[in-house]
Amino acid sequence: MIATETAEARILLVDDHPMLRHGLASYINQQEGLLVCGEAENLEQGLSRIESLDPGLVIVDITLRGSDGIELIRRIR
């Protein structure tokens, strides 16, 4: 018999509304194969957490305080 290991997709959430981040994280973490590895509330935190956590996927709110999600996506690329 071969043991199989379930790989989890590591997700970073970037949104300036804590309640939305926590609710979305709770929902995502209940899904098989998905794991929220971190959260950020602005562009600077998002970039820092991407570097330190190395997520496979980043979910970004388009409107962030002090900047916007589109700029974060540009910087990620």
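Author: In this predicted model, the protein has 3 helices and 5 strands, and along the sequence these elements follow the pattern β-α-β-α-β-β-β-α. The C-alpha atoms fill a box of roughly 55 × 25 × 15 Å, taken along the principal axes.

Reader: Why is N42 called buried?

Author: Buried means under 20% relative accessible area, and N42 has 18% relative accessibility, so N42 counts as buried. Of the 77 residues of the protein, 30% count as buried.

Reader: Where is N42 found, and which residues does N42 touch beyond those up to four places away in sequence?

Author: N42 is found in the loop between strand 2 (34-40) and helix 2 (43-53). Not counting residues up to four places away in sequence, N42 touches V14, L64 and R65.

Reader: What makes N42 a cap of helix 2?

Author: A side-chain oxygen of N42 lies 3.2 Å from the backbone nitrogen of E44, and N42 caps the N-terminal end of helix 2. A polar contact is a pair of N or O atoms within 3.5 Å, and the pair formed by the side chain of N42 and the backbone nitrogen of E44 is at 3.2 Å, so this distance falls within that cut-off. As for what comes after the helix, helix 2 is followed by D54, whose phi is positive, near 50 degrees.

Reader: What makes a set of residues a nonpolar core, and which residues belong to the largest one here?

Author: The term requires buried residues of the listed kinds, Ala, Val and Leu among them, joined through side-chain atoms within 4.5 Å. The largest nonpolar core has 7 residues, namely L12, V14, A40, L43, V60, L64 and L72. A second, separate core has 5 residues, including I11, L13, I28 and V36.

Reader: Which residues is V14 in contact with, leaving aside its neighbours within four places in sequence?

Author: V14 is in contact with A40, N42, G46, V58, I59, V60, D61, L64 and L72.

Reader: How many positive and negative side chains does the protein have, and how far apart do the centres of the two sets lie?

Author: The protein has 7 positive and 13 negative side chains, and the centres of the two sets lie 6 Å apart. The accessible surface comes to about 5500 Å², of which 52% belongs to carbon and sulfur atoms.

Methods
Residues numbered from 1 in each chain as written. Predicted model: local features only at pLDDT ≥ 70, side-chain atom pairs only at ≥ 80, totals over all residues. Heavy atoms only, no water. Buried < 20%, exposed > 50% of the residue type's maximum accessible area, 1.4 Å probe, protein only. Contact = heavy atoms within 4.5 Å. Helix = DSSP H or I, 4+ residues; strand = E, 2+ residues; numbered from the N terminus. Areas by Shrake-Rupley, 256 points an atom, 1.4 Å probe, with all protein chains shown as cover. Lys, Arg positive; Asp, Glu negative; His and termini not counted. Charge placed at Lys NZ, Arg CZ, Asp CG, Glu CD. Polar contact = N/O pair within 3.5 Å; in protein donor to acceptor, adjacent residues only side chain to side chain.
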